[in-house]
Amino acid sequence: MPFPDHTPDTAPPAARRALESVTERLGYRPAAVARLATSPHTLDGFLKISTIFESCTLDPLSREVLIMTMATRNDCHVCVAMHTAKLTRMGADPALLAALRDRTNPPLPDERLEAVRRFTLEVLVSAGAVDDEALRDFLSYGYTEQNALEVVLGIGAYTLSTLANRLTGAPVDAPLAAFA
């Protein structure tokens, strides 16, 4: 079942402003966002929850590790490309990028970032019922209990994104092709 790439002219009224805002911010309209506009509520929910996640107390690199963990785990080629591009713009170590993109989950070259990935995967595997040892391990790298809950927030945001991208068959946009 195909999902249309909506434009501000074809999107449901509730999604028009969001599409225009994303296009203005990024300089292009991502197909994934244009397809999410099929459900204005889903588009609005993702944009709100991802904005909240971007403003949480987890540092930007830790947030990107969580997002890439979700993207590779859920096999979302759009998110892998988009967040590889973002990490590249952030000046991330190429070894970190390679490890994050590897679905076999080799250890990340940075122990603190590896702690985020381990904790993210543990939250997923245990459906949030992480044991005390896993939480203590995460906290031992300087993260806080607030950060632990923010991992849950990020998992929610990027579960929505990765599953919606796969459901709609969102393609990798031309500006991201080099990062696919």
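User: What sort of model is it, and how are residues numbered?

Analyst: It is a predicted model, where local features need pLDDT of at least 70, side-chain atom pairs count only at pLDDT 80 or more, and totals for chains, interfaces and linings use all residues. Residues are numbered from 1 along each chain as its sequence is written, and side-chain values use heavy atoms, with hydrogens and water left out.

User: Which residues of α1 are buried?

Analyst: Ala 15, Leu 19 and Val 22. Buried means under 20% relative accessible area, exposed over 50%, and partly exposed in between (1.4 Å probe, protein chains only). They cover an arc of only 70° around the axis, so they sit on the same side of α1; the arc is that of the directions from the helix axis to the C-beta atoms.

User: Which residues are exposed on the other side?

Analyst: Pro 13, Arg 17, Glu 24 and Arg 25.

User: What do the buried ones pack against?

Analyst: The buried residues of α1 pack against α2 (31–36) and α3 (40–54), with contact meaning heavy atoms within 4.5 Å. Helices here are DSSP runs (H or I, at least four residues), numbered from the N terminus.

User: What comes just after α1?

Analyst: Gly 27, with a positive phi of about 90°.

User: Switching to the loops, where is Asp 75?

Analyst: Asp 75 lies in the loop between α4 (60–73) and α5 (77–89). Its phi is positive, about 55°, although it is not a glycine.

User: Is Ala 127 buried or exposed?

Analyst: Ala 127 counts as exposed, at 73% relative accessibility.

How values were computed: Helices (H or I, at least four residues) and strands (E, at least two) are DSSP runs, numbered from the N terminus.
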